[in-house]
Amino acid sequence: MVSYLRLHFTVNGTPQALRIPANTLLLDLLRDRIGLKGAKVGCSRGVCGACTVLVDGQPVAGCSTFAFQAQGAMVETIEGLARDGALHPVQQAFIDHAALQCGYCTAGMILLAKALLAHDPDPDRATIVEWLSSNVCRCTGYQLIVEAVEDAARRMRQAAQDDPGAEA
Ligand code: FES
Ligand code: FES
């Protein structure tokens with residue numbers, strides 16, 4: 001018999017209160033119940049990173065995280081990154097560097113990069129490669145993704161210098 005629980009959390013800044021089966025996976029909740037399809041279903045085994053979302057700023061594999069583990073947390077998905085019609089600098093850098101082809105890995109890569117740059121605004125190349133190594137891209141060869149993250153880091157440092165009060 002499946003037990004149910006009430007989950008309170010925010011998704012992209014919007015409070016959610018949902019009654020869910022206790023064994024619901026975070027990825028399924030986001031995609032199938034809340035309708036946010038940006039996090040992708042890949043390996044479903046915590047290996048490829050296509051399902052990456054941020055929980056209180058930390059990247060997690062949505063396919064390997066129970067929804068109840070996000071109780072009280074702030075969850076971010078790719079749909080929540082743009083502000084007032086402007087893409088997040090990491091999103092813009094991925095476009096400018098052509099750092100995507102099929103796009104299946106892209107939401108996870110961008111969220112992973114966002115978390116990295118919140119943690120380390122000026123990562124060296126080795127750190128970026130290491131950080132992104134949890135996510136698989138079958139198309140790009142990674143070089144353009146790494147360059148996009150380096151450029152996003154530069155842009156965000158510059159923006160922080162120009163407007164120290166601005167939100168990253
Ligand atoms: S679908 Fe979650 S890690 Fe691959
Ligand atoms: S762009 Fe196709 S998997 Fe990364």
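Residues are numbered from 1 along each chain as its sequence is written, while chains are lettered from A and ligands numbered from 1 in the order in which they are written. Since the model is predicted, local features need pLDDT of at least 70 and side-chain atom pairs count only at pLDDT 80 or more, but totals for chains, interfaces and linings use all residues.

Reader: How far apart do the C-alpha centres of domain 1 and domain 2 lie?
Author: The domain assignment (bounds come from an automatic or database assignment) puts domain 1 at 4–80 and domain 2 at 89–162. Take the C-alpha centres of domain 1 and domain 2, and the distance is 22 Å.

Reader: Which element gives the largest share of the side of domain 1 that touches domain 2?
Author: Contact here is between residues whose C-beta atoms, placed from the backbone, lie within 7 Å, and 15 residues of domain 1 touch twelve of domain 2. Strands are DSSP runs of E, at least two residues, and helices are runs of H or I, at least four, numbered from the N terminus. Both β3 (52–55) and β4 (58–61) supply at least two residues to that side. The largest share, three residues, comes from β3.

Reader: Which residues of helix α2 are buried?
Author: Buried means that 20 or more other C-beta atoms, placed from the backbone, lie within 10 Å of the residue's own. In α2 (residues 89–96), the buried residues pack against α3 (106–119) and α5. They are Pro89, Val90, Gln91, Ala93 and Phe94.

Reader: Is α2 parallel or oblique to α3?
Author: Axes are lines fitted to C-alpha atoms over the stretch in contact, with angles from 0 to 180 degrees between N-to-C directions. For α2 and α3 the axes are 9 Å apart and the angle is about 130°. Under 35 degrees is roughly parallel, over 145 roughly antiparallel, 65 to 115 roughly perpendicular and the rest oblique, so α2 comes out, relative to α3, as oblique.

Reader: Which residues of α3 do Val90, Gln91 and Phe94 in α2 meet?
Author: An α-helix has 3.6 residues a turn, so residues three or four places apart point the same way. On the α3 side, the partners of Val90, Gln91 and Phe94 are Thr106, Ile110, Ala113 and Lys114.

Reader: Which residues of α5 make the contact with α4?
Author: The axes of α4 (residues 125–132) and α5 (residues 143–162) come within 10 Å and cross at roughly 120°. From α4 come Arg125, Ile128, Val129 and Leu132, and from α5 come Ile145, Val146, Val149 and Glu150.

Technical notes:
Contact = placed C-beta atoms within 7 Å. Buried ≥ 20, exposed ≤ 12 C-beta atoms within 10 Å, placed from the backbone.
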